[in-house]
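Please keep the sequence and the coordinates at hand while reading.

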Amino acid sequence: MSVMLDGKEGMEYMVMGNEAIVRGALEAGLKVASGYPGTPSSEIIERLSDVAKDAGIYVEWSVNEKVAAEVAAAASFAQLRSLASMKQVGVNVASDFLLHLAITGTRGGMVLVTCEDPAAHSSSNEGDSRGYARMMEFPLLEPGDFQEAKDMTKWAFEFSEEIGNLVMVRSVTRLSHASGNVKFGPLPRTEAQAEYRFSGAFLDPVAGPMISTGFGHRIQQEKLKKVREIFEDSPFNTYQGPDEPELLIITCSVGNLYCKEAIKALGIEDRVGLLKMGTTWPLPPNLIKKYLLMTDEILIIEEILPFLEDNVKVLAAEMVQEIGAKKFYGKHAGQIPSFGELSADLVIQSLADLLDLGYETVAQEYTDKASAAAFARAPQRELTFCPGCPHRASFWAIHNALELDGRQGFVCGDIGCYSLAALPTGFSTAKTGHAMGSGAGVASGFAKLRQFGMDQPVLAVCGDSTFFHAAIPALVNAVHHQADFTLIVLDNSGTAMTGFQSHPGLNINAMKDEVPALDIPAICQAMGARVEVRDPFDLEETQKTLNELMEYTEGTKVLVLKQACALSPEKKRVKSYNMQINEENCIGQDCGCNRLCTRIFRCPGLIWDEVKKVARIDEVICAGCGVCADICPAGAIVREEA
Ligand code: SF4
Ligand code: SF4
């Protein structure tokens, strides 16, 4: 049993921020949770699915974030408390539905948890989805520590029910993935009865149909007015410091932790005030006014965009007659960057400069020297596919097929481990890379440029989870418009990049029930595409098929390259082959492009023996896939059935 359910009321537990959010949801009596995996949000649905059966809740990995929001909304419409979880990029996907949901409102408490990735450690962008709260006109809460992540999530459900609207809780990597002490509250044991009422008047928010219409905007505005009033007295907005500080810091989220550390390190508790906002949209004007009146100098600290800063400035402008002119510091004035993560050092330096403290954090020159020294001593590790990864084999065949074709063909890339196809480890074959499923959509567009003289072969890639998430509509578009390109589905039987969450191509769901698996080749065939299925470890056959498909110009083609991820449970630590190098045969520097295996193919399981001047197999990490035996021109890499 997990501490999420077992944890006792009144006891403190050290949990991750995402787990604190989970416990808060369970303490609120959550009944339905849905999401799409993505770092740093994935643990929320994972932990909830671990306890789903014992807790009597329904949890799913939805096919994409829009559907996740729709599934959670249905539960809310039927009076149950529900949660949809995603990362910042997913909010873009869900936004289409959320814009409508803001109009219809919700019934059972519904919380959207967005976990964002400042500095884009595991993302293709570092979007700040707080702008959606303002655009869609729903309230936004930002926990400032681990305890608040739990308490605020719990409260968000009650609050959502009170105002009849979705509530957004925003976390960031350093809260979601760090751990802290959290005091648990009671877990309710409630029997829920789901019922969707639709026989009331058309605009009746409690018993009418949930249909988004323009008339709802007035009601939405009234709700926001009420939210502002409630936020005026929220215990999630706190102030620490003197009554008349020299400088007022306004912050939110993990900015709170960095600011506390900075104030302590500089010993300026009696000089600066710290206003930590937990309710960041809409801002409560009277509360902001009260603190702006304390001083004329204000520093605003937040990750990533100047969202809080801009909204505070709007209020300050509206109140200028009462509060007088203020001097603001932050992102616009250049003290705090509008990209990347914050740190305590960064806040310390900003405060030291503004207060003229003559304090210097570790000099940039020293940091640069230290990281250069560490880099020089650390073993070389490039961004690469794992040993035995089927994607390396796939892109080897794709690269060679394009070279053989010779018409400047290219690959439209996508989001997944295979995004590395844009780098040397994927032989630099991917030449576009945007959102989930965009490879297929962009390729479909390129393929319609034949009438304008484009005769380059066009390929697109997507993973199996991405196929279901967003590539299907692009493929429908392509087949219907007879777009001549080849979609390569890199089917490694799992949402591998985020930790093997289930998807519709598998016969298991988030709660470990057996469910029907959808057949990707059959779906593509049913759409009318020409479909081939190959094993990417069969390099020759894969390359031959690709060259044939590039020659075939009668519409859209799909090549499914099926081979499980090297880290999948069925493959991990299971070798198909024992590998060896025949040192006599290895011609090393004289083979294609100087050591073809270690310089070009670059599987980490292959290493170059500087002393003997031959290739070597690294027994510890070689996954025994056997593929490298087929790339060595000298037949020096030998495989034997394991
Ligand atoms: S093992 Fe083969 S590919 Fe690798 S260096 Fe030797 S000859 Fe070249
Ligand atoms: S068999 Fe070759 S390609 Fe496969 S993991 Fe081992 S070294 Fe890498």
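Ala 25 is found in helix H2, which covers residues 17–27, where helices (H or I, at least four residues) and strands (E, at least two) are DSSP runs numbered from the N terminus. Ala 25 has a relative accessible area of 0% and is therefore buried, a term that means under 20% relative accessible area, with exposed meaning over 50% and partly exposed in between (1.4 Å probe, protein chains only). From Ala 25 to Cys 597 there are 572 residues in sequence and 51 Å in space, C-alpha to C-alpha.

The model is predicted, so that local features need pLDDT of at least 70 and side-chain atom pairs count only at pLDDT 80 or more, whereas totals for chains, interfaces and linings use all residues. Residues are numbered from 1 along each chain as its sequence is written, chains are lettered from A and ligands numbered from 1 in the order in which they are written, and side-chain values use heavy atoms, with hydrogens and water left out.

The protein contains 22 helices and 24 strands, and 55% of its 642 residues count as buried. Along the principal axes, the C-alpha atoms fill a box of roughly 80 × 70 × 55 Å. The radius of gyration is 28 Å, which agrees with the value near 26 Å that a compact globule of 642 residues would have; this radius is taken over C-alpha atoms, and the globule rule is 2.2 Å times the number of residues to the power 0.38.

Ligand 2 is surrounded by 13 residues, the closest being Cys 603, Cys 622, Cys 625, Gly 626 and Cys 628, and its shell divides into nine nonpolar, four polar and no charged residues.

What of the charged pairs: how many salt bridges does a search of the whole structure find? The search finds 35, a salt bridge being a side-chain nitrogen of Lys or Arg within 4 Å of a carboxyl oxygen of Asp or Glu. Lys 66 forms one with Glu 70, with the closest N and O atoms 2.9 Å apart, and both residues lie in helix H4 (residues 65–77), four residues apart, about one turn of the helix. Lys 66, at a relative accessible area of 27%, is partly exposed, and Glu 70 counts as partly exposed at 25%.

Asp 296 and Lys 326 meet through their side chains in a salt bridge of 2.8 Å, N to O. This pair links distant parts of the chain, 30 residues apart, with Asp 296 in the loop between helix H11 (285–292) and strand S13 (297–301) and Lys 326 in the loop between helix H13 (320–323) and strand S14 (327–329). Asp 296 counts as partly exposed at 45% relative accessibility, whereas Lys 326 is buried at 16%. Finally, Glu 116, Asp 128, Arg 130, Glu 142, Arg 170 and Glu 302 are linked in a network of salt bridges.

Notes: A residue is near a molecule or strand if one of its heavy atoms lies within 4 Å of it. Ala, Val, Leu, Ile, Met, Phe, Trp, Tyr, Cys and Pro count as nonpolar, Asp, Glu, Lys and Arg as charged, and the others, Gly among them, as polar.
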